[in-house]
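Biologist: I would like to learn how to read this model. Can we take the features in turn?

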Amino acid sequence: MPVSALVGLQWGDEGKGKIADLLAEKADVVVRCQGGSNAGHTVVTDNGAFSLRLVPSGIFRENAVCVIGNGVVADPIHLAGELKSLEGAIPDPSGRLFISDRAHMVMPWHKALDILAEEHLGQKPIGTTRQGIAPAYMDKAKRSGFRWHHARNAGEFRKRVLIILAEMNIVINALGGTALPEKETVDALCGAVDSLRPYIADTVSLLHGHHRAGKRILLEGAQGTMLDIDFGTYPFVTSSNTTSGGCVTGSGLPPASIAEVHGILKSFTTRVGAGPFPTEAPDAAAALLRGAGTNRWDEFAAATGRPHRCGWLDLVAARHSARVNGVTRLHITKLDILSQFDELRIAVAYRMRGGETSDLPSDIRDLDRCEPVYETLPGWKKQLPACKSVAELPEAARNYVERIGEFLEADIATVSYGPGRGQTAFTA
Ligand code: GDP
């Protein structure tokens with residue numbers, strides 16, 4: 001049975017949580033493949049809205065097996081807290097939630113180092129979520145990290161934590177930070193790890209077993225392609241591969257097993273944190289895109305609560321993303337937010353260095369200086385109907401989404417016009 005991957009095509013916050021939840025309905029296994037608690041997926045169920053950072057979105061579906069794959073860096077204290085906060089809202093996770101024994105841990109000193117690094121950048125921080133993600137991936141690349149299999153033996157784990165904590169406190173002090181208190185830090189970390197030990201598993205073997213048995217597997221990407229460490233707006237990116245390639249290396253499933261790549265695209269553009277943003281809108285339009293005038297005002301990051309920077313849809317960036325991911329199914333979200341505009345702008349090229357290009361430049365200095373070339377499309381200026389099919393959308397709304405599909409050379413699967421499970425129009 002084929003495997004599907006789901007990826008964000010912009011700077012994150014595309015609404016992946018809702019689409020992952022939708023696809024998870026038809027998935028037996030849902031796998032988080034990269035990133036850590038810097039992600040924030042919002043799933044709205046009949047019991048309310050839940051923000052997931054590490055737990056795969058499939059957790060709300062009783063029959064779904066959920067895997068935190070080897071590509072993830074998982075903070076044990078955060079994960080234990082997240083599971084606690086979900087108690088009562090999700091079916092029992094024991095026996096169906098697994099943490100890869102090859103995944104790395106985000107340790108308390110990683111968080112401290114992340115905060116210090118951002119503070120050292122002064123007025124020009126990267127804008128990280130300060131969750132310790134980059135320092136954890138740095139330790140992974142340096143081959144000095146803690147992997148979850150290290151936690152199988154509680155005594156050995158505690159001993160090594162004490163040694164590394166003492167070393168890291170020297171570094172933290174040298175950088176002008178405050179050393180982490182030994183007993184408190186180790187007790188909190190080991191307590192969390194003790195509660196999570198039953199979930200540690202060889203997820204490569206587990207996933208291959210499910211794949212061989214014909215189970216439907218969904219690889220759930222986090223963040224977005226423009227935050228990918230190779231293909232995004234480097235250095236204003238995250239520390240992992242957020243693309244479909246990252247779904248392969250982050251799960252252990254082979255590339256050829258992936259039959260569908262679901263690309264999630266918000267119908268306008270937002271980004272959180274610093275970095276280039278060619279189509280960023282002036283304040284008034286940005287406020288409208290952030291949700292003013294609608295009954296939803298939710299362009300605030302799920303992981304940090306920071307307001308998003310908002311702008312027009314950037315199809316240059318989106319096509320770059322569709323290409324590097326090999327998107328086969330496109331999901332366009334938040335169309336309802338555009339209902340308030342007389343006309344809509346979409347960027348189809350950048351004017352730069354005396355010419356025009358529709359390829360995404362690699363150097364952020366070009367992205368900072370370029371001027372978007374816009375197409376203008378008429379708005380529909382009315383609330384979107386509660387419809388099940390894209391064909392039932394107003395003509396101007398249909399034209400808008402069809403232009404996107406045409407430019408990205410990808411088939412549209414769904415158009416989302418509200419956060420709820422039912423507020424989704426399908427193409428077929
Ligand atoms: P992610 O970073 O891509 O996982 O983003 P989230 O899943 O956290 O989604 C961001 C916000 O968009 C959440 O508050 C969702 O409930 C909301 N959302 C998702 N789809 C839609 C939509 O079609 N319309 C509106 N208004 N909100 C949506």
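Biologist: Which residues of the largest nonpolar core touch the most other members?

Modeller: Keep in mind that this is a predicted model. In soluble globular proteins, nonpolar side chains tend to be buried together. Here the largest nonpolar core has 59 residues, and L219, L330, L335, Y400 and L408 touch the most other members. Helix α12, residues 395-408, gives the most to this core, with 7 residues. A second, separate core holds 42 residues, including I68, L165, M168 and Y199.

Biologist: What is L330 in contact with, leaving aside its neighbours within four places in sequence?

Modeller: Its partners include L9, G263 and L265. I404, G405 and L408 are also among them. So is a run of residues from A410 through D411, I412 and A413 to T414.

Biologist: Which strands are joined to β15 by bridges?

Modeller: Strand β11, residues 258-266, is joined to β15 by 5 bridges, and the two run parallel. In that pairing, H262 stands opposite R329. Strand β19, residues 411-416, is joined to β15 by 4 bridges, again parallel. There, H331 stands opposite T414.

Biologist: Is T424 buried or exposed?

Modeller: T424 lies in strand β20, residues 424-426. Its relative accessible area is 1%, so T424 is buried. The T424 side chain makes a polar contact with the side chain of K18, at 3.0 Å. Beyond its neighbours within four places in sequence, T424 is also in contact with residues including L22, C387, K388 and Y417. T414, V415 and S416 are among its contacts too.

Biologist: Turn to the ligand. How many residues surround it, and which are the closest?

Modeller: There are 18 residues around the ligand, and the closest are G15, K16, T42, D336 and S416. Look next at the polar backbone atoms. One from D13 is 2.9 Å from an oxygen atom of the ligand. A backbone N or O atom of G15 also lies 2.9 Å from a ligand oxygen. For K334, a backbone N or O atom is 2.9 Å from an oxygen atom of the ligand.

Biologist: How much of the ligand's accessible area does the protein cover?

Modeller: On its own the ligand has 590 Å² of accessible area, and the protein covers 95% of that. The elements that give two or more residues to the shell are α1 (16-24) and β3 (41-45). Helix α1 gives the most, with 3 residues.

Note on methods: Residues numbered from 1 in each chain as written. Predicted model: local features only at pLDDT ≥ 70, side-chain atom pairs only at ≥ 80, totals over all residues. Heavy atoms only, no water. Pairing = 2+ DSSP bridges. Buried < 20%, exposed > 50% of the residue type's maximum accessible area, 1.4 Å probe, protein only. Polar contact = N/O pair within 3.5 Å; in protein donor to acceptor, adjacent residues only side chain to side chain. Contact = heavy atoms within 4.5 Å. Core = buried A, V, L, I, M, F, W, Y, C linked by side-chain atoms within 4.5 Å. Near = heavy atom within 4 Å. Areas by Shrake-Rupley, 256 points an atom, 1.4 Å probe, with all protein chains shown as cover.
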